[in-house]
Amino acid sequence: MTDDMVDADKGSLPAPAVSLVLPVYNGERYLAEALDSIFAQSFTDFELIAVDDCSSDTTPRILADYAGRHPNMRVIRNAKNAKLPATLNNGFREARGAWFSWTSDDNTLDPDMLARLHAAAEAGDADIYYADFRFIDADGEVTGSCRAGEPHEIVVGNPIGCCFLYRREVDEALGGYDEALFGVEDYDFWLRAERAGFRFETIHEELYSYRRHGGSLTSTRAKHIYGLSGPIMLESIEQLPKSPWRAFAYLNLATRDPYHLRWGLLRRAWRDHPPTVMGNLRKVAGWLRFALSVRLGRG
């Protein structure tokens, strides 16, 4: 137990197959719905470790109520507000399972999510399994779907998404999440896992609902997230051999961020493979229009 955490009794239950961490900060609005989806899982050999990051709303009361009714749930409260990456690390330090996952207090798991991911993990030889998911709005209405990307696409964006299961050895080898990268801690984690040689496998089934609403982190911190993700993406792109794919990765990094004009990345793409740049001039033009609208306050 670290000095940053208030002690929580682990109990005497045997080690579960899966450890699921639920970081929470003032999550009272959707927390019960998230917890209900967790305890409705058809796969029951899991533990839930809820980590309260010093909430000031009714979150502690909700967590205590559910923990009192579910023996496979433990609650940890950070001694001080630590933000998401540190909260995840605090939770996983207490995890006893062979497989890890985490979810958010405003999202929900389909009833067979853990069953499908764990079955694939037991049958396969990869280290990280991830699945498709859907988008829902503040009221829980479905607004779209997201097909998980393929593992090689990790240098142009996060193909893993929010529905995943990975071996505890991945967490141990990487030393957990980078606590300086709040907002892109998950993407950085997957990039480091890929560079370390861990194997990814995609499951093309929708198993999770990701809620988009005005208070979500990705809605409120876009500029900051773009600034953090750029350097970690560039580090991985630079390790690729010269090719049309690397040219596309440079071009994609240059045009994904409307807040920073990275002309040098476009030059690198051109040096690697001019036809890739010429074939994506419409993408470049669209980025320039969007970047201009952001600077004029219209984006």
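I was working with a predicted model, in which local features need pLDDT of at least 70, side-chain atom pairs count only at pLDDT 80 or more, and totals for chains, interfaces and linings use all residues. Residues are numbered from 1 along each chain as its sequence is written, and side-chain values use heavy atoms, with hydrogens and water left out.

I then checked the axes: those of H1 (residues 31–39) and H2 (residues 59–69) come within 10 Å and cross at roughly 20°. H1 and H2 are therefore roughly parallel to each other, a term for angles under 35 degrees.

For the contact (heavy atoms within 4.5 Å), I found Leu 31, Ala 32, Leu 35, Asp 36 and Phe 39 of H1 meeting Thr 59, Ile 62, Leu 63 and Tyr 66 of H2. By class, this contact of H1 with H2 has 7 nonpolar, 1 polar and 1 charged residues.

Next I looked at backbone angles, where Asn 26, in the loop between strand S2 (18–24) and H1, has a phi near 45°, which is positive in a residue other than glycine. Asn 26 counts as partly exposed at 30% relative accessibility, the term covering values between buried (under 20% relative accessible area) and exposed (over 50%), with a 1.4 Å probe and protein chains only.

Lys 83, in helix H3 (residues 83–93), is not a glycine either, yet its phi is positive at about 75°. I recorded Lys 83 as partly exposed, with a relative accessible area of 43%.

Notes. Axes are lines fitted to C-alpha atoms, for helices over the stretch in contact, and angles run from 0 to 180 degrees between N-to-C directions. Helices (H or I, at least four residues) and strands (E, at least two) are DSSP runs, numbered from the N terminus. Angles under 35 degrees count as roughly parallel, over 145 as roughly antiparallel, 65 to 115 as roughly perpendicular and the rest as oblique. Ala, Val, Leu, Ile, Met, Phe, Trp, Tyr, Cys and Pro count as nonpolar, Asp, Glu, Lys and Arg as charged, and the others, Gly among them, as polar.
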